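This report describes selected features of the structure shown below. The reader may wish to keep the sequence and the model in view while following the text.

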Amino acid sequence: MKINELIEKTNLKQFGTADINRDFEGGYASDLLSDVMGNAKEKNVWITMQTHKNVVAVASLKDIAAIVFSNGNTPESDTIEAANEEDVILLGTTKGTYEICGEIYQIAK
Amino acid sequence: MKFEYKVQGGNFSKAGYASSDLKKILKQLNVNPAIIKRVVVALYEAEVNIVAHAYNGTITIDIDDKQVRIVLEDQGPGIPSIEQAMQKGFSTASPHVREMGFGAGMGLPNIKKNADVMNITSKVNVGTTVEIINYI
Ligand SMILES: Nc1ncnc2c1ncn2[C@@H]1O[C@H](COP(=O)(O)OP(=O)(O)OP(=O)(O)O)[C@@H](O)[C@H]1O
Ligand SMILES: [Mg+2]
């Protein structure tokens, strides 16, 4: 499934300019960066409340398909800049982590 | 091929720079993607450990046709018990560092899992050296 379909179906907002015509497979939810480094898989959508720049490095190194900031969190401006450079997709939702994970799980399974 | 990077303790805005660079280099060298993933996770964790726990450090990367050998040498507080530090969940990270989502105590275990060879030596109040080797 493509990220642009996911955006449409779950009403996500994009931050930055990365191309959203990209495949994803499943997801991983965590606010601990080394947990994501250790356990997330390539092409996962990563749901988190961490909004600082380091999430971009983690996502890029792990080939994460997109980062979704839950609970109304929005990325800092240097996070968006880094994501534009690294071509990392940043998305946001006002829904809580539990709710958005449930929706993505239903759609992606 | 030999590469060198400087790492500044406390400077999280640059954390991961060497890892990103090495990923690009290994891709260009057509190294197996599964091996690139392992190398990059191991280096990132070791790089962030210098940023989070030490004062400054140097990363030296040596690539030949058989292996990637990375040595991270830092000046810092050192590790009193490496055995304890290697345990999943053990962390002395500051509240500020934890707020950023570091400090789960999973970094060293992640390195162990992803490196073919991992060696740590450390001297309290002097610094820590981590060696990571992956065969390619
Ligand atoms: N380069 C270093 N210099 C000094 N102490 C270190 C260094 N690397 C690791 N340590 C010590 O070992 C502990 C465990 O490291 P580890 O990377 O496993 O976890 P962490 O860095 O605390 O958290 P995480 O890596 O999950 O974000 C650290 O909390 C710290 O006490
Ligand atoms: Mg660590």
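Predicted model: local features only at pLDDT ≥ 70, side-chain atom pairs only at ≥ 80, totals over all residues.

Helix α1(A) covers residues 3-10, and its buried residues are A:I3, A:L6, A:I7 and A:T10. Viewed down the axis of α1(A), these residues fall within an arc of 100°, so they line one face of the helix. The face turned away from this buried side carries the exposed residues A:E8 and A:K9. Directly after α1(A), residue A:N11 adopts a positive phi of about 60°.

**Chain A as a whole**

Chain A contains five helices and five strands. Read from the N terminus, its elements follow the order α-β-β-α-β-α-β-α-β-α. Its radius of gyration is 12 Å, close to the 13 Å that the globule rule gives for 109 residues, so chain A is as compact as a globular protein of that length. The C-alpha trace of chain A spans about 30 × 25 × 25 Å along its principal axes. Of the 109 residues in chain A, 48% are buried. When contacts between residues at least 6 apart in sequence are considered, 46% of those in chain A join residues at least 24 apart. The accessible surface of this chain comes to about 4900 Å², and carbon and sulfur atoms account for 44% of that surface.

**The site of ligand 1**

Which chains contribute residues to the surroundings of ligand 1? Residues from chains A and B surround ligand 1, so the site is shared between chains. There are 21 residues around the ligand, and those that come nearest are A:S34, B:H53, B:S91, B:T92 and B:G103.

| Residue | Atom of the residue | Distance to an oxygen atom of ligand 1 |
|---|---|---|
| B:H53 | polar side-chain atom | 2.7 Å |
| B:G105 | backbone N or O atom | 2.9 Å |
| B:M106 | polar backbone atom | 2.8 Å |

On its own, ligand 1 has 600 Å² of accessible area, and the protein covers 95% of it.

Is B:T128 buried or exposed? B:T128 is buried, because its relative accessible area of 8% lies under the 20% limit for that class. This residue belongs to strand β5 of chain B, which comprises residues 127-135. Apart from neighbours within four places in sequence, B:T128 is in contact with several residues, including B:L72, B:I79, B:I120 and B:S122. With B:S122 there is a polar contact between the two side chains, at 2.9 Å. B:T128 and B:I82 are 46 residues apart in sequence, while their C-alpha atoms are 10 Å apart in space.

B:K113 is placed in helix α5 of chain B, residues 107-114. B:K113 is exposed, because its relative accessible area of 51% is over the 50% limit for that class. Residues up to four places away in sequence not being counted, B:K113 touches A:G38, A:N39 and B:R38. Between B:K113 and B:L72 there are 41 residues of separation in sequence and 17 Å in space, C-alpha to C-alpha.

Definitions and conventions:
Residues numbered from 1 in each chain as written. Chains lettered and ligands numbered in written order. Heavy atoms only, no water. Buried < 20%, exposed > 50% of the residue type's maximum accessible area, 1.4 Å probe, protein only. Helix = DSSP H or I, 4+ residues; strand = E, 2+ residues; numbered from the N terminus. Arc of directions from axis to C-beta. Near = heavy atom within 4 Å. Polar contact = N/O pair within 3.5 Å; in protein donor to acceptor, adjacent residues only side chain to side chain. Areas by Shrake-Rupley, 256 points an atom, 1.4 Å probe, with all protein chains shown as cover. Contact = heavy atoms within 4.5 Å. Rg over C-alpha atoms; globule rule 2.2 N^0.38 Å.
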